[in-house]
Amino acid sequence: MSLTTTKKLHNGVEIPAVGLGVYKMEDGTDVYQSVLSALEIGYRHIDTASFYQNEEGVGKAIKDSGIPREEIFVTTKVWNDEQGYENTKNAFQASLDRLGLEYVDLYLVHWPVPGKYKETWKALEEFYKEGRAKAIGVSNFLPHHLEDLMEDAEITPMANQIELHPRLTQVETREFCDKHNIVVEAWSPIAKARYLDDPVLQELASKHNKTAAQIIIRWDYQSGIVTIPKSVKASRQKENADIFDFELSEEDMKKIDAMDREERTGPHPDEFSY
């Protein structure tokens, strides 16, 4: 098991179980160096978005890494003001141009914009059929959004990327996704380091001789959740990746599961100001 360990999406595409998120990394040197160092460490999954405004730096680092394109899994997303059928077609091409890529491995609808996400999804289905997106999915969708989308969709989303960490375990959404063979991805898996001093995490970190962040990432991994911790520093990227040499017991997992308080660091999808 390593950073090349994957989970299979329902169309057979394999997504690396641990990736690098690049939210709030500035385009240019910041994101370029971060992606380059992550790829050198062994990461093969990079998650960006049009909203992050750093796709150019991501694409340049991928190109300059010398790693064959087919070995790197690249995700990007369509932002809220780009949604709707025609707008999404333009936004997708703009993302490809900025990334300097002919295709992305996963393209996501960033948020469930009311009245728009169904039309947006139609465009994603086209990108998938054309082979310009190897897989398509959504982000921040709750079960009721997914049910609504799937009523008219030809293709069931392959992934749903949601805020997910021990204080927001999203059990209902995860169960819905499992039932429909949709892989769950965690954004903000370490919850912006807000509660790494939690006694449960500290106890498990001490028990396994790991950091609290590594305990969380391992919990994701053993829960079958794809996780994309963000870090600019190479040392932290290495730490986040060093989760394959230990295992949490069933009791450990239950302790972390029990930390849920429905505490969000980001907005609730039904309360977002679209």
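Tutor: We begin with the record: an unreviewed UniProt entry lists residues 29–260 as "domain: NADP-dependent oxidoreductase". UniProt positions are given here in the numbering of this structure, feature names are shortened, and annotations may be inferred rather than shown by experiment. The model is predicted, so local features need pLDDT of at least 70 and side-chain atom pairs count only at pLDDT 80 or more, while totals for chains, interfaces and linings use all residues. Residues are numbered from 1 along each chain as its sequence is written, and side-chain values use heavy atoms, with hydrogens and water left out.

Student: What are the helix and strand percentages of residues 29–260?

Tutor: Helices (H or I, at least four residues) and strands (E, at least two) are DSSP runs, numbered from the N terminus. The span is 47% helix and 12% strand, and its end C-alpha atoms lie 37 Å apart.

Student: Which residues of helix 1 are buried?

Tutor: Buried means under 20% relative accessible area, exposed over 50%, and partly exposed in between (1.4 Å probe, protein chains only). In helix 1 (residues 29–41), the buried residues are V31, Y32, S34, V35, L36, S37, A38 and L39. They pack against strand 3 (20–21), strand 4 (45–47), helix 2 (55–65) and helix 9 (234–241), where contact means heavy atoms within 4.5 Å. Beyond its neighbours within four places in sequence, V35 is in contact with L20, V22, I46, V58, A61 and I62.

Student: Which residues touch the most other members of the largest nonpolar core?

Tutor: A nonpolar core is a set of buried Ala, Val, Leu, Ile, Met, Phe, Trp, Tyr and Cys residues joined through side-chain atoms within 4.5 Å. The largest has 83 residues, of which V22, V35, I46, V58, Y107, L146 and I215 touch the most other members. Helix 8 (residues 212–222) gives the most to this core, with seven residues.

Student: Are K24 and N140 buried or exposed?

Tutor: K24 is exposed, with a relative accessible area of 61%, whereas N140 is buried, at 5%.

Conventions: Expected span 1.5 Å × (residues − 1).
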